[in-house]
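Look at the structure first, then read on.

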Amino acid sequence: MKKTEILSSPVPRLIDRYRRHLNYLRVSITDRCDLRCLYCKPDGLIPKLSHEDVLTYEEILRLIRIAVSLGITKVRITGGEPLVRQGVCDFLSQLCRIDGITDVSLTTNGFQLAKYLPRLKDAGVHRLNISLDTLDPEKYRKITGVDGFRQVWSAIELARELGFSPIKINAVALKGYNDDELVDMARLSISQPFHIRFIEYMPIGTANMRKGDYLHTADIKRRLAELGPLLPVKRGTLDGPAERFRFAGAEGEVGFISAMSNHFCDACNRLRLSASGKLRSCLMSDKQKDLRPVLRQGGSDEDLVRVFLASVHAKPARHHLTDPKGTRVNSQMSSIGG
Ligand code: SAM
């Protein structure tokens, strides 16, 4: 579809040049985080965004309303760590009341989650992704730099008691750190209703991981074979790129996000908004459009719509991280939000 065609369409929608309909917006509300995960934290000092650089909640809500008018129905709030930003529960409750959004979810490291759970529930957030790469408190400290495993685990248990569903547990599979625990993590899905998501490490930003430090989905699946066959789960309307499975009789699921070994770009339905107002149509490309100057220089909704459409028009067919001469992605994962 030509850009002029998209702009002149009576009801502009977020459809890219490859006919992918984008209906999923991931919004990072802060670049700050209370953990220093070794695969995510920048190597060296990267200046944090200043207070003025970060979009206000009002600005974010305005952009989300515009995105919804263009066809976004799913919104995930992420960071940095979203729960370190003041006022996050009030923001979420306003977000959940926007007409046209059918799904609001939150990605968190879980470290401060327990105290927020009742308010998140009242706000209308039911779907949680909690990042947890290990079940071993000492390894947790090594991976995240913080002695926080028990705190996160208690939050996960409380979330289950309070009825949050689904509770997805995101684990980046790393050789020498948690590869001896992948079976134990997957086993959790048998007795508990958790969705354990194994994520392939993506070499983004300046995190100091070496090639060979991470595992591909095929390796992980081989290791899980001792728990029995992985039975495919029928895909649902809210499904993302994860391949979903269940062990026979299990309460929960296991899933695999194979961005490196089996990219899912053909089915990518995502746009990302950073805390400073950059709109990014591909996680693995540094090309982004800046909404903040338009917002702050009195731009109209139509002006902002134009930036959304231009970003969608620029969405690449696929990422090139795995090409032999693939480009580097310089932005930090902690600023994009995953
Ligand atoms: N602070 C929140 C959290 O920890 O979930 C949200 C932001 S974090 C960037 C979102 C997700 O990205 C986490 O599940 C994290 O494990 C994952 N992540 C971070 N860096 C990654 C990388 N280089 N490759 C793959 N996943 C990564």
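## Aromatic pairs

Ring pairs join Tyr140, Phe149, Trp153 and Phe194 into a cluster. Rings of Phe, Tyr and Trp (its six-membered ring) pair if their centres lie within 6.5 Å; planes under 30 degrees apart count as stacked, over 60 as edge-to-face and the rest as tilted. The model is predicted: local features need pLDDT of at least 70, side-chain atom pairs count only at pLDDT 80 or more, and totals for chains, interfaces and linings use all residues. Residues are numbered from 1 along each chain as its sequence is written, and side-chain values use heavy atoms, with hydrogens and water left out.

The structure holds seven aromatic pairs. Phe149 and Trp153 are stacked, because their ring centres are 6.2 Å apart and their planes meet at 10 degrees. Both sit in helix α6 (residues 149-161), four residues apart, about one turn of the helix. Helices are DSSP runs (H or I, at least four residues), numbered from the N terminus. Phe149 and Trp153 are both buried. Buried means under 20% relative accessible area, exposed over 50%, partly exposed in between (1.4 Å probe, protein chains only).

## Charges over rings

Lys74 lies over the face of Tyr24, 4.3 Å from the ring centre. Lys221 places its charged end over the ring of Phe256, at 5.3 Å from the centre. The cut-offs: NZ of Lys or CZ of Arg within 6 Å of the ring centre and within 35 degrees of the ring normal.

## Cysteines

There are zero disulfides (a disulfide is a pair of cysteine sulfur atoms within 2.5 Å). Cys33 is in none; its nearest cysteine sulfur, in Cys37, is 6.3 Å away. Cys33 is partly exposed, at 36% relative accessibility.

Cys89 is buried, at 5% relative accessibility. The closest cysteine sulfur to that of Cys89 is in Cys96, 10 Å away, too far for a bond.

Conventions
Helix = DSSP H or I, 4+ residues; strand = E, 2+ residues; numbered from the N terminus.
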